[in-house]
Amino acid sequence: MGDQISPTSNMAEPQQQHYEEHLDVLTRTGEKTGISKPRGQVHRDGDYHRAVHVWIYSESTAELLVQRRAGCKDPLLGKWDISSAGHVSAGESSLSSARRELEEELGIRLPNDAFELLFVFVQELKDGTFINNEYDDVYLVTTLEPIPFEAFTLQESAVSAVRYIPIDEYKSALARRDEQYVPCEVDGQYGQLFTIIEERYKENIESRSLSLQKQINRYAAIHLEPELMGLSEGDKEALVYILKASMVMDDIFYEQTWDSNPALKDWLKENSTASSASRLKWLYYSINKSPWSSLDENKAFLTTADSAVKLLPDATRPVSGWKGLEYKAAFPVIKPPGANFYPPDMDKKEFELWKNSLSDAEQKEAIGFFSVIRRHDVDLSSLSNTNGLGLKDPDDLFLVPFSVEYESSLKKTSEHLLKASELSDTSSLKLLLKAKADAFMSNDYYESDIAWMELDSKLDVTIGPYETYEDALFGYKATFEAFVGIRDDTATSQVKLFGDQLQHLERNLPVDDCYKSDSVSAAPIRVIRLLFNAGDVKGPQTVAFNLPNDERIVNQRGTCMVLLKNVSEAKFKHILQPIAEVCIKDEQIQYIDFDSFYTHTICHECCHGIGPHTIVLPDGRQSTVRLELQELHSALEEAKADIVGLWALKYLIDQGLLPKSLLKSMYVSFLAGCFRSIRFGLEEAHGKGQALQFNWLREKGAFVLHSDGTFSVDFTKVEEAVEGLSREILTIQAKGDKVSAELLLKRYASMTQPLKDALEKLENVQVPVDIAPVFTVANSILQKTA
């Protein structure tokens with residue numbers, strides 16, 4: 001069973017014996033109610049509350065650390081138990097509690113990134129008048145080697161000894177209900193602890209490498225090599241600094257995705273040549289820019305076992321001849337819904353309670369695009385003798401603007417853009433680059449977004465914080481990205497029609513007139529050939545974007561659309577055509593063509609600019625669709641742009657503005673495109689929105705499944721079905737009706753059996769899911785200036 005250690009310190013008993021620890025009362029679903037009560041009353045009344053369990057695992061010896069409960073912890077005194085555990089005190093966060101308990105009980109001081117939240121275990125127990133309705137956040141700390149026993153400082157009142165025990169031996173002891181150990185149902189929910197660790201370390205390297213290679217093969221590597229002809233000499237010189245500024249967007253995005261992501265990136269890159277498996281990990285990580293796979297519902301393809309090793313010489317009592325505690329930087333198995341915009345253990349209720357305590361101006365910033373929410377750091381030493389009384393300031397959360405949070409990176413970007421502005425000899429590009437450089441420092445992006453909309457340059461640049469897809473908690477916070485391209489003047493002139501028709505489309509939308517706007521501006525449309533992108537461009541590549549997202553500008557000036565024509569051409573050739581050959585009925589394959597695919601892409605982006613944005617709620621308050629629908633907004637907005645885009649094409653054909661020959665092609669190409677987008681996964685906004693549309697249209701008979709597993713369009717039903725779904729989504733947005741949005745997505749945005757069967761066929765014939773661009777020209781420019 002291994003050696004053990006007894007207490008070596010004489011820690012004083014807590015002085016404030018008269019004060020009973022207070023706990024936050026939770027709802028039955030685990031959210032804070034805003035009420036706190038003494039611990040005794042919580043257990044008397046059966047209130048739901050939160051606690052933390054911290055397990056320390058030694059990777060090299062496959063052992064868990066267990067502690068022997070001190071005599072005061074009746075009725076389980078003298079039994080071996082969790083490495084460290086305790087209640088989350090009122091006003092305290094789960095992660096802070098885990099850190100505090102570990103230091104108080106064992107004398108181990110660790111940073112946030114040492115703690116991996118494995119799962120939440122719900123206890124619902126009743127023993128006479130004692131009721132324990134408890135949410136237990138179960139954390140794992142992974143060390144490379146066992147911590148020497150001399151390094152521990154044990155809390156006499158809580159812990160009488162510690163020891164290491166092989167994980168298999170411990171699991172067996174619990175299964176046979178060995179009375180030396182605090183009972184635990186290893187076959188129940190808590191058994192995840194053992195399952196996760198076992199799967200993590202017993203996986204076959206060869207099979208894992210094959211799995212990673214298969215995941216990588218879903219992306220077709222496509223070299224993008226646009227011609228630089230037409231660029232002035234000044235703009236060619238400016239391009240070097242624009243590319244350097246764009247590369248910094250990657251650094252910021254890695255940080256925005258998850259707080260330990262930059263360290264993981266550096267570790268994987270540094271070790272990428274160690275083995276074939278290490279190379280594959282780095283390659284797939286580079287596509288996803290995180291340890292979560294975009295095409296697999298954000299399932300983690302790495303574990304903490306793959307993570308960076310960090311050394312903490314001062315984490316414990318010093319031990320002669322021992323360099324200190326080495327641990328694996330942890331990351332959660334489940335991708336944090338709030339990315340790195342919010343504290344990892346903050347829930348929606350806590351945010352809303354905090355937000356409501358702010359001034360109007362502060363509330364606006366709290367839900368704005370360009371700030372993060374942070375938690376005041378806990379000085380654990382100040383809590384060591386408080387018996388966990390929760391002495392933290394209840395106003396624990398605070399705002400940090402992007403310009404402060406990412407100051408170092410944004411300063412570097414700003415300097416590159418200012419240099420590019422000096423070199424460029426295109427007036428509107430000079431203005432944009434200077435405005436963006438200023439915006440990065442001031443955190444005010446209004447003027448720079450106006451300058452971006454008015455850009456008239458052969459060298460097209462989009463750089464800054466824009467999309468909110470990564471914020472799956474609320475959909476408030478923007479990620480940084482960059483797109484650099486060469487304008488296609490011929491293609492740009494050909495698409496002017498769509499921007500000019502926006503107000504006509506708005507007036508005729510299939511929604512009640514009271515929800516329509518009289519001031520939709522014509523959307524400028526620029527067609528480019530992509531030269532380089534960076535930042536929030538992970539996984540599936542966009543074929544177009546419609547910006548800005550700032551409702552002030554959308555209402556005053558409309559939006560601007562940028563189409564990436566060479567990306568569209570690559571996707572059509574390498575993905576959509578092969579999909580059609582597998583999934584579309586033979587007699588309708590003739591209708592698949594690039595013009596239909598590309599034209600719907602244009603309409604999709606145009607339709608982001610029409611329909612409800614700023615809305616008036618039933619109680620008379622003015623708001624926006626984004627704020628009301630929160631985390632549901634992105635998926636519903638993508639579905640709206642898609643389905644209303646299809647409606648808009650039919651409208652323009654009826655008006656004689658587009659050829660009738662497009663009619664059948666656009667519907668069949670859209671059907672084939674459904675399978676393309678759904679393969680992105682239903683955790684991704686485009687995939688979820690596309691599943692909603694596919695299942696709706698199939699239910700209405702517009703899409704028909706045949707006995708051979710192929711699909712076709714019923715041209716007699718598709719027009720009515722498209723209009724019906726357009727009306728449904730537009731009305732939900734106009735009312736800011738989150739309940740109806742949730743019901744619609746729950747009913748239709750699912751992986752139905754026909755979809756599963758179709759996607760399986762595509763996987764069997766190895767049709768790529770998306771492209772992985774290789775920026776040959778841009779990389780050559782950067783290498784010459786390195």
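Biologist: What does Phe498 touch, leaving out residues up to four places away in sequence?
Modeller: This is a predicted model. In it, Phe498 touches Ile525, Thr599, Ile602, Cys603, Cys606, Leu649, Leu652 and Leu658.
Biologist: And which residues have the most contacts inside the largest nonpolar core?
Modeller: Phe351, Phe498 and Phe675. That core has 166 residues. Its largest share, twelve residues, comes from helix H22, residues 633–654.
Biologist: What other core lies apart from it?
Modeller: One of 28 residues, among them Ile108, Leu110, Ala114 and Val162.
Biologist: New topic. Is Asn533 buried or exposed?
Modeller: Buried, because its relative accessibility is 7%, and the cut-off for buried is under 20%. Asn533 sits in strand S20, residues 525–535.
Biologist: Which side chain does the Asn533 side chain make a polar contact with?
Modeller: That of Gln541, at 3.0 Å. Beyond four places in sequence, Asn533 touches Ala482, Phe483, Gln541 and Phe775.
Biologist: Now helix H3. Which of its residues are buried?
Modeller: Ile167, Tyr170, Ala173 and Leu174. H3 covers residues 167–175.
Biologist: Why are those on the same side of H3?
Modeller: They cover an arc of only 125 degrees around the axis, so they lie on the same side of H3. An α-helix has 3.6 residues a turn, so residues three or four places apart point the same way.
Biologist: What covers the buried residues of H3?
Modeller: The cover includes strands S4 (48–58), S5 (63–69) and S10 (159–166), plus helix H4 (192–202).
Biologist: Which residue takes a positive phi just after H3?
Modeller: Arg177, with a phi of about 60 degrees.

How values were computed. Residues numbered from 1 in each chain as written. Predicted model: local features only at pLDDT ≥ 70, side-chain atom pairs only at ≥ 80, totals over all residues. Heavy atoms only, no water. Helix = DSSP H or I, 4+ residues; strand = E, 2+ residues; numbered from the N terminus. Buried < 20%, exposed > 50% of the residue type's maximum accessible area, 1.4 Å probe, protein only. Polar contact = N/O pair within 3.5 Å; in protein donor to acceptor, adjacent residues only side chain to side chain. Contact = heavy atoms within 4.5 Å. Arc of directions from axis to C-beta. Core = buried A, V, L, I, M, F, W, Y, C linked by side-chain atoms within 4.5 Å.
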